[in-house]
Amino acid sequence: MQTATGFDGALPITRVIATRVVTAAEHVVEAANILRAGGLVAFPTETVYGLGADATSGLAVAQIFAAKGRPTFNPLIAHVADLAAAQREGAFGADALALAQAFWPGPLTLVVPVAASCSVSDLARAGLASVALRVPSHAVARELIRLAGRPIAAPSANISGHISPTLAAHVLADLDGRIDMILDGGACDVGLESTICACLGGGVHLLRAGAVTRAMIEQVLGRKLEMQAQAPSTQAPSAQPVAPGQLLSHYAPRARVRLEATHRVEGEVFLDFGASMPGATLDLSPRGDLSEAAAGLFSALRQLDALGSATIAVAPIPYHGLGEAINERLQRAAAGR
Ligand code: TXA
Ligand code: MG
């Protein structure tokens with residue numbers, strides 16, 4: 001990936017004073033104390049930066065919705081330390097258990113029925129009878145959850161509908177002055193939000209594609225998933241579980257996004273993959289590596305958006321493996337523009 005064009009350095013110094021950006025390793029204890037006191041802390045995970053609050057406190061969770069400008073009907077993922085903690089919050093059938101054992105800690109969220117002992121607040125669950133649970137693998141996230149000693153609700157740490165953050169600077173650009181602290185842990189490895197699977201008794205449904213791919217899930221289950229991931233613009237049939245947040249226009253840059261671009265148009269900036277277009281503005285992975293492309297996608301969209309062009313053209317990205325998740329995010333970035 002090329003470096004940012006004026007984006008990271010463009011923040012005036014006065015904006016840094018309101019929200020503290022601190023090194024993760026030295027401030028994780030203080031961050032956990034802020035969470036325990038009902039405050040908001042952005043922290044790195046292996047997928048994207050999360051905006052954390054005490055999931056058991058409706059008051060703390062309400063601050064997340066306020067800071068992000070997020071519709072309160074959109075439920076949050078509760079981040080927990082391990083499978084045992086997850087099983088206190090949700091009811092795990094055989095499929096959910098197999099997936100948790102195969103992919104936790106890691107970039108997979110499981111939506112399961114709430115357990116009787118569930119401590120996640122109604123507001124975090126948006127009043128649903130299910131709860132979304134994830135055990136992240138990032139060392140800072142794990143330590144923060146352990147020290148907080150309770151589930152941490154954390155959506156991506158961006159203004160609602162904006163591009164998810166993969167750097168502390170992205171979080172600051174969106175949420176400065178709205179949250180207490182940002183734990184800076186460098187760039188996120190995966191770069192796309194977690195895969196979401198619903199295990200609610202009617203089979204396993206893929207609600208959001210991610211780094212744990214369809215093929216990886218089907219291999220663990222020993223059978224095919226129940227349905228295709230929802231295309232962004234389609235209305236989900238009511239009998240099927242949905243991730244409410246997936247039905248909205250999301251990941252939206254200011255510029256219009258033109259997908260599957262195989263030619264250049266004057267005035268457009270061009271986001272390439274696999275060095276297919278001479279003179280492209282940026283290339284997600286000149287050597288055509290989907291993991292590298294996923295890790296740099298959201299940064300690239302922010303960088304290109306900052307250049308001020310009306311349209312971002314994007315080269316075709318293959319659909320196999322991580323390509324499904326990348327294409328899903330790109331289609332959502334292009335939707336409604
Ligand atoms: O990688 C990630 O998952 C990041 C990091 C911070 O962990 N978090 C994240 O959260 O992407 P968020 O809030 O941006 O996306 C959570 C998605 C939303 O689309 C929401 O609708 C869905 O999870 N969701 C949460 N609870 C649900 C439930 N009970 N049933 C169906 N979907 C649910
Ligand atoms: Mg989000």
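Which side chain meets that of E268 in a salt bridge? The close-up views below, all taken from a predicted model, begin with that pair.

**View 1. The salt bridge of E268 and R258.** The side chain of E268 meets that of R258 in a salt bridge, with an N to O distance of 2.9 Å. The two partners are ten residues apart and link distant parts of the chain, R258 lying in strand β11 and E268 in the loop between β11 and β12. Both E268 and R258 are buried.

View 2. E260 is partly exposed, its relative accessible area being 40%.

View 3. The closest N and O atoms of R125 and D122 are 2.6 Å apart in a salt bridge. R125 counts as buried because its relative accessibility is 11%, whereas D122, at 51%, counts as exposed. A126, in the loop between β5 and β6 (130-134), has a positive phi near 55° although it is not glycine, and its relative accessible area of 26% makes it partly exposed.

**View 4. The cis peptide bond between W104 and P105.** W104 and P105 are joined by a cis peptide bond with omega of about -10°, and P105 is placed in the loop between α5 (94-103) and β5 (108-113).

**View 5. The salt bridge of R287 and D289.** R287 and D289 form a salt bridge in which the closest N and O atoms are 3.4 Å apart; R287 is exposed at 63% relative accessible area, while D289 is partly exposed at 25%.

Note on methods
Residues are numbered from 1 along each chain as its sequence is written. Chains are lettered from A and ligands numbered from 1 in the order in which they are written. This is a predicted model: local features need pLDDT of at least 70, side-chain atom pairs count only at pLDDT 80 or more; totals for chains, interfaces and linings use all residues. Side-chain values use heavy atoms; hydrogens and water are left out. Helices (H or I, at least four residues) and strands (E, at least two) are DSSP runs, numbered from the N terminus. Buried means under 20% relative accessible area, exposed over 50%, partly exposed in between (1.4 Å probe, protein chains only). A salt bridge is a side-chain nitrogen of Lys or Arg within 4 Å of a carboxyl oxygen of Asp or Glu.
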